[in-house]
Each structure stands twice: as structure tokens, then as C-alpha cells.
Amino acid sequence: MKLHWSPKSPYVRKVMIAAHELGLDGRIERVRSVAAMGVPNPAIMIDNPLSKIPTLVAEDGQAIFGSQTICDYLDELTGGGQLCPPNGSARWTMLTWQSLGDGLLDILILWRNEREKPSDKRTIEWLSAFEKKTTATLDRLEEIAPTLSQTRYGIGQIAIGCALSYLDFRFADLQWRGGRPDLAGWHLSFSERKSSIATEVTDG
Ligand SMILES: N[C@@H](CCC(=O)N[C@@H](CS)C(=O)NCC(=O)O)C(=O)O
């Protein structure tokens, strides 16, 4: 399989962590692909007209994109049910955790773009809304941290872990661990997994 990949994309990392957890990382050829909101990349667009990464090209040539869809596909390749319970309330909890982690990332990426604009071009209301939603999400995650620890590791924890690591990478100034000891402890256990170490994002 070929994956349009970049070392710093948190969504790509999510896919790579899933691949490691499933033992599929050796089957994925990483192709360095630059994706930027304002610069469509023709090489990615051959496989994904949205010009986004991660984009996977499966062994049969089918292009699969969106980190949720790719992780689901990888899970099915190994028989299914490894990253998410097959049905019932456990499934919907796991998938909702994934949406929470991915949704937090979506906000952080918009926030980063906004705050990097020259100050006279920033929309102040947006900056304040991003901060409010991020704080509320982190507070919710602090509440559920004990459940994250007690539940079999899956796509929900992977997405949340990637979002928290992205906060460390791009929003260290927020100091998200303050007042959130359970979440900080849970994130440490996430960071110590082999799959997290193998996919760690480094600056430079
Ligand atoms: N919902 C998508 C988001 C992927 C995404 O936004 N990736 C970023 C890189 S971190 C990207 O491709 N940005 C380029 C663009 O938005 O055009 C997913 O889960 O895969």
C-alpha cells in the first residue's frame, strides 16, 4: 500500500499508529507529500481531489482517504474489530471518542492558521471561539480519562492521543495539563506505547 504521508501531520500519525497497532506498518510505503490548505498538490490530487493527507492507495489500486475511513479499512484487513468494538454502545462510545479527538484537531488546525495571520487580518471572534471549544473539550477529556484508561485500546484513544500530542507540538503555550492530572497521566501512557514512539513527531 502507498500512503501520502508527512512527518508532522497529526491525521497521518493517527493512521500510522493504527497501522503499527495492527502490525501493518511494514506493508505501507510512505510517500512524502506536502499538503497545504492554500496550495493544492497535483501529486496528491491524482489519488484524492481534496488534496489532503492521509490518502492511502490500497494494493488493488483503490484510493481511500479520510483518516477514519483509512483506519477502518486497515482494521478490516486484519479481520476487523481490533480498533473498535463491532456493535452496541461500546462501539458508539469508541467512535465518538474518535470524533472528539479528530474534532479537536480540526479546531486546532483552524486556530493555528488564524493566529498565524498578520494581527489586522485575524478574526478575534474565531480566536476566542477556538479557545473556548478547546478548553471545553479538554475538560470533557479530563472527565473521561479514567474510562479511556480502563477501556481496551482502540481508534478513540488513538485519535485523542494524537490531538493531545499536537497540542504539545503546536500549542505548548496553552499548557493543557494544568488542572487536568488524569488526562496528563493518560497521555503519558499513550506516549509510552510502541506505536506512539515509532510515529513520534519531531520538530525541525
Ligand atoms: N478529516 C481529514 C483531515 C485531513 C487533513 O486536514 N489533513 C491536513 C494535513 S494535517 C491536510 O491535508 N491539509 C491540506 C488541506 O486542507 O488542503 C482526515 O481525518 O484525514
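Me: At what angle do the axes of helix 4 and helix 6 cross?
Reply: This is a predicted model. In this model, helix 4 covers residues 88-115. Its axis and that of helix 6 come within 6 Å, and they cross at roughly 20°.

Me: Are helix 4 and helix 6 roughly parallel or roughly antiparallel to each other?
Reply: The crossing angle of the two axes is roughly 20°. Angles under 35 degrees count as roughly parallel. Helix 4 and helix 6 are therefore roughly parallel.

Me: By class, how many charged residues does the contact of helix 4 with helix 6 have?
Reply: Among the residues of helix 4 that meet helix 6 are W97, D102, L105 and R112. On the side of helix 6, the residues include I160, A163, Y166 and R170. By class, this contact has 14 nonpolar and four polar residues, and the number of charged residues is four.

Me: Which residues of helix 7 make the contact with helix 5?
Reply: Helix 7 is formed by residues 181-191, and its axis comes within 8 Å of the axis of helix 5. The axes cross at roughly 55°, so the two helices are oblique to each other. Helix 5 contributes L138, L141, E142, A145, P146, L148 and S149, while helix 7 contributes P181, D182, L183 and W186.

Me: Which residue has a side-chain N or O atom 2.6 Å from an oxygen atom of the ligand?
Reply: The residues around the ligand include Y11, M37, K52, I53 and S67. The side chain of K52 has an N or O atom 3.1 Å from a ligand oxygen. A backbone N or O atom of I53 lies 2.8 Å from a ligand nitrogen. The distance of 2.6 Å belongs to the side chain of S67.

Me: Is the peptide bond from I53 to P54 cis or trans?
Reply: P54 sits in the loop between helix 2 and strand 3. P54 is also one of the residues surrounding the ligand. Omega of the bond from I53 to P54 is near 5°, and the bond is cis.

Me: What is the value of phi of S51?
Reply: S51 belongs to the loop between helix 2 and strand 3, and S51 is one of the residues surrounding the ligand. Its phi is positive, in a residue other than glycine, and the value is near 60°.

Me: Which residues are in contact with R32, leaving aside its neighbours within four places in sequence?
Reply: R32 lies in strand 2, which runs over residues 29-32. The C-alpha atoms of R32 and P54 are separated by 11 Å, and the two residues are 22 residues apart along the chain. With the sequence neighbours within four places left aside, R32 is in contact with W5, S6 and P7.

Notes:
Residues are numbered from 1 along each chain as its sequence is written. This is a predicted model: local features need pLDDT of at least 70, side-chain atom pairs count only at pLDDT 80 or more; totals for chains, interfaces and linings use all residues. Side-chain values use heavy atoms; hydrogens and water are left out. A residue is near a molecule or strand if one of its heavy atoms lies within 4 Å of it. A polar contact is a pair of N or O atoms within 3.5 Å; within protein, one must be able to donate a hydrogen and the other to accept it, and residues adjacent in sequence count only if both atoms are side-chain atoms. Axes are lines fitted to C-alpha atoms, for helices over the stretch in contact, and angles run from 0 to 180 degrees between N-to-C directions. Helices (H or I, at least four residues) and strands (E, at least two) are DSSP runs, numbered from the N terminus. Angles under 35 degrees count as roughly parallel, over 145 as roughly antiparallel, 65 to 115 as roughly perpendicular and the rest as oblique. Contact means heavy atoms within 4.5 Å. Ala, Val, Leu, Ile, Met, Phe, Trp, Tyr, Cys and Pro count as nonpolar, Asp, Glu, Lys and Arg as charged, and the others, Gly among them, as polar.
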